[in-house]
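Please look over the sequence and the model first.

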Amino acid sequence: MSRRGFLAVSAGIAAAAAVPSGRRRLIQMNGYPVDAETPLDQLTTYVTPNDLFFVRSHWNPTVPDRKTWALTVDGEVERPLRLTLADLARMPQASATCVLQCAGNGRSLHKPVVPGVQWGQGAVGNARWTGVRVRDVLERAGLKPGARHVHAFGSDDPPFQVPPFHRSVEVEKLLADGIVATAMNGAPLPAAHGAPARLVVPGWAGDHWMKWLTRLSPQPDAQKGFYMDVAYRYPKSPGAPGVAFKPEEMDPVTALFVKSNITEAPSRARVGSPVVLRGFAFSGAPDVAKVEVSDDDGERWSPAELGREHDPFAWRLWSFRYTPRAAGTATLRVRATDSNGNVQPRDAVWNQSGYLYNAWPSASFEVRA
Ligand SMILES: Nc1nc2c(c(=O)[nH]1)N[C@H]1C(S)=C(S)[C@@H](COP(=O)(O)O)O[C@H]1N2
Ligand SMILES: [Mo]
């Protein structure tokens, strides 16, 4: 991305942060108000700074007023609750450092092309999210046994005939890992990222991470509507690229797929002189087991070195020292393996929505004698 393009994106994020709060608002008339990704060459740190973190919003946010905001908890609970920010602050605080990736990250790389935001590879980041465990909130409300899906509601509202971005997440996942986050990397949650509180669902795609959260409602059944029944579904098994899957051939997108990316590669090299390749790798499994590099199109693989920092569902930085042995064009391919034994595939599964692209990344450069 050019410097100019990057500045434009920064301005977009600043504009998102400046949106009016409370009831004062404009009505947006089409989709995608601020969708901004991070250039891959800036995703080089274990924790992604808030001002560089990608933004994906379906509509103009109506950012709730911190003073009047409260989280409503109703549905299949013994004691419906209304929790203000002060109430949340008095509850035990929990943090998770983990990856947030949009399900559509990498969409532009699918062939044939699919409609939707044409994300490159930067709709992903790793942050430290702090707030209250969903488990603690639901225990306080007294979860009834019939509750299977937690319906989540945000305050953003779409144009007149457009369905709202309302979702639900399986109760077990939220009880295990979910956080109602009020802070991101030690700062209050920024407006663009869902202030004053959002759902954090470690290991699961971004569409589950409800921003501008206003209500959690455990229910026997999953939420219905466009964003549950049509969008965010992924083929049960691969098909022919370009042939759309039928709804019954797809499952909801949940856990992320194992994936590595290259953030730093040489533009040229010399025979016998080492160069360094760097990147990050993550998965919907809690840990990354290994990252490997191949210079012969995946025939043989050598292990990359993994960075020291790691947390469940966080990304792992990696680096690889490569010494070219012959002149010509070198192409290095990378693949990650997660703690469940899932291996990043050579090709991603084409699907009509372009979700969860995770093919091997590669870097090519000229090697001189
Ligand atoms: N209320 C609300 N929550 C939302 C969205 C939205 O449009 N509205 N977009 C979702 C999607 S698709 C993604 S990928 C993440 C992006 O979070 P970020 O903007 O903090 O990176 O937020 C999710 N939560
Ligand atoms: Mo997303």
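## Terms and model

Two strands count as paired if DSSP finds at least two bridges between them. The structure is a predicted model.

## Overall form

The protein chain contains five helices and 23 strands. Its C-alpha trace spans about 70 × 40 × 40 Å along the principal axes. The radius of gyration is 21 Å, which agrees with the value near 21 Å for a compact globule of 369 residues.

Of the 369 residues, 51% count as buried. Among contacts between residues at least 6 apart in sequence, 73% join residues at least 24 apart.

One open sheet has four strands in the order 15-17-21-20, with antiparallel pairing. Strand 15 (259-264) and strand 20 (305-306) each have a single partner strand, so one side of each lacks a neighbour in the sheet.

Strand 17 (residues 275-282) pairs with strand 21 (residues 316-322) in the antiparallel sense, over seven bridges. Val-275 has Tyr-322 in strand 21 as its bridge partner.

Another open sheet has five strands in the order 16-23-22-18-19, and its pairing is mixed. Strand 16 (268-270) and strand 19 (302-303) are the edge strands, each pairing on one side only.

Strand 18 (residues 288-294) runs antiparallel to strand 19, and two bridges join them. Glu-292 stands opposite Pro-303 of strand 19.

## Surface and charge

The protein chain exposes about 16700 Å², and carbon and sulfur atoms supply 52% of this area. The chain has 42 positive and 35 negative charges, with mean positions 5 Å apart.

Conventions
Residues are numbered from 1 along each chain as its sequence is written. Chains are lettered from A and ligands numbered from 1 in the order in which they are written. This is a predicted model: local features need pLDDT of at least 70, side-chain atom pairs count only at pLDDT 80 or more; totals for chains, interfaces and linings use all residues. Side-chain values use heavy atoms; hydrogens and water are left out. The radius of gyration is taken over C-alpha atoms; the globule rule is 2.2 Å times the number of residues to the power 0.38. Buried means under 20% relative accessible area, exposed over 50%, partly exposed in between (1.4 Å probe, protein chains only). Contact means heavy atoms within 4.5 Å. Accessible areas come from the Shrake-Rupley method with a 1.4 Å probe; for residues, only the protein chains shown count as cover. Lys and Arg count as positive and Asp and Glu as negative; His and the chain ends are not counted. The place of a charge is taken as NZ of Lys, CZ of Arg, CG of Asp or CD of Glu.
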